[in-house]
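This note is intended for a colleague who is meeting the structure for the first time. Please read the numbered points with the model open alongside.

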Amino acid sequence: MSGRIVPGSGMTQEVNWLAQAWSKYAVFEGRARRREYWTFTLANWAISFFLIVFWVVLEDSKSPSWMTALAAIATIGFSIAVILPQVAVTVRRLHDCDLSGWLLFVSLVPFVGGLILFVLMMRPGTAGNNRFGPNPKQTA
């Protein structure tokens, strides 16, 4: 096995899924595969985790206050920037399972809502076309 990156495989493919989710920043129609949803979601969680840890480390150290403020602005700014695309990709993922995007609000149910949404996001999409559009696996 050579150490080169083959286009369309490995890390390059994950970057393509991220780019696809960001290119549909506010698109609530259509369908999203599990891979698109989870690549986007896990990348955002990882970036958020890094930013929060960086902010906390700066807060606890003797760093200049402007650095701490900059870390806070970056963390909060990123969190705000990903809200709309995260909601959009979640709605498209629900559509892939032939479910209404309004089911996103189940996550607001205390204690079990997040778990229910997690299970829904793990389900395979509808084979073939459904009322929300063509199968994204066939159009990819």
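Which residues does Ser100 touch, not counting residues up to four places away in sequence? Point 2 gives the reply, after a short account of the model as a whole.

1. Basis and overall content. This is a predicted model, in which local features need pLDDT of at least 70 and side-chain atom pairs count only at pLDDT 80 or more, while totals for chains, interfaces and linings use all residues. Residues are numbered from 1 along each chain as its sequence is written, and side-chain values use heavy atoms, with hydrogens and water left out. The chain contains 6 helices and 0 strands; helices (H or I, at least four residues) and strands (E, at least two) are DSSP runs, numbered from the N terminus. The C-alpha trace spans about 55 × 50 × 25 Å along its principal axes. Of the 140 residues in the chain, 32% are buried, where buried means under 20% relative accessible area, exposed over 50%, and partly exposed in between, with a 1.4 Å probe and protein chains only.

2. Ser100. Leaving out residues up to four places away in sequence, Ser100 touches Leu94, His95, Arg131 and Phe132, a contact being heavy atoms within 4.5 Å. Ser100 and Phe132 are 32 residues apart along the chain, yet their C-alpha atoms are separated by 9.2 Å. Ser100 is placed in the loop between H4 and H5 and counts as partly exposed at 28% relative accessibility. Its side chain reaches the backbone nitrogen of Trp102 at 3.1 Å. Such a polar contact is a pair of N or O atoms within 3.5 Å; within protein, one must be able to donate a hydrogen and the other to accept it, and residues adjacent in sequence count only if both atoms are side-chain atoms.

3. Most residues other than glycine have a negative phi, and most peptide bonds are trans. Asp98, although not a glycine, has a positive phi of about 60 degrees; Phe111, also not a glycine, has a positive phi of about 70 degrees. Asp98 lies in the loop between H4 and H5, and Phe111 is placed in the loop between H4 and H5 as well. Asp98 is partly exposed, with a relative accessible area of 30%, whereas Phe111 counts as exposed at 86%.

4. The buried side of H5. Which residues of H5 are buried? They are Gly113, Leu117, Leu120 and Met121. They cover an arc of only 100 degrees around the axis and therefore lie on the same side of H5, the arc being that of the directions from the helix axis to the C-beta atoms. The buried residues of H5 pack against H2 and H4.

5. The largest pocket. A pocket is defined on a 1 Å grid over the protein atoms alone, as an open set of points where a 1.4 Å probe fits, with protein on both sides within 12 Å along at least five of seven lines; lining residues have an atom within 4 Å of a point. The largest pocket has a volume of about 290 Å³, and 14 residues line it, of which Tyr37, Thr41, Trp45, Gln86 and Thr90 lie nearest its centre. Helix H2 (34-60), helix H4 (83-96) and helix H5 (113-122) each give two or more residues to this lining. The largest share, 5 residues, comes from H2. By class, the lining has 9 nonpolar, 5 polar and no charged residues.

6. Asn44. This residue belongs to helix H2 and counts as buried at 5% relative accessibility. Apart from neighbours within four places in sequence, Asn44 is in contact with Trp22, Phe78, Val82 and Gln86. The side chains of Asn44 and Gln86 are joined by a polar contact of 3.4 Å.

7. Thr75. Is Thr75 buried or exposed? Thr75 counts as buried, with a relative accessibility of 5%, and its place is in helix H3 (residues 65-81). The side chain of Thr75 reaches the backbone oxygen of Ala71 at 2.8 Å, and a polar atom of that side chain lies 3.3 Å from the backbone oxygen of Leu51. Not counting residues up to four places away in sequence, Thr75 touches Leu51, Ile52 and Trp55.

Terms used. Grid points are joined across faces, edges and corners, and a volume is the space filled by probe spheres set on the points. Ala, Val, Leu, Ile, Met, Phe, Trp, Tyr, Cys and Pro count as nonpolar, Asp, Glu, Lys and Arg as charged, and the others, Gly among them, as polar.
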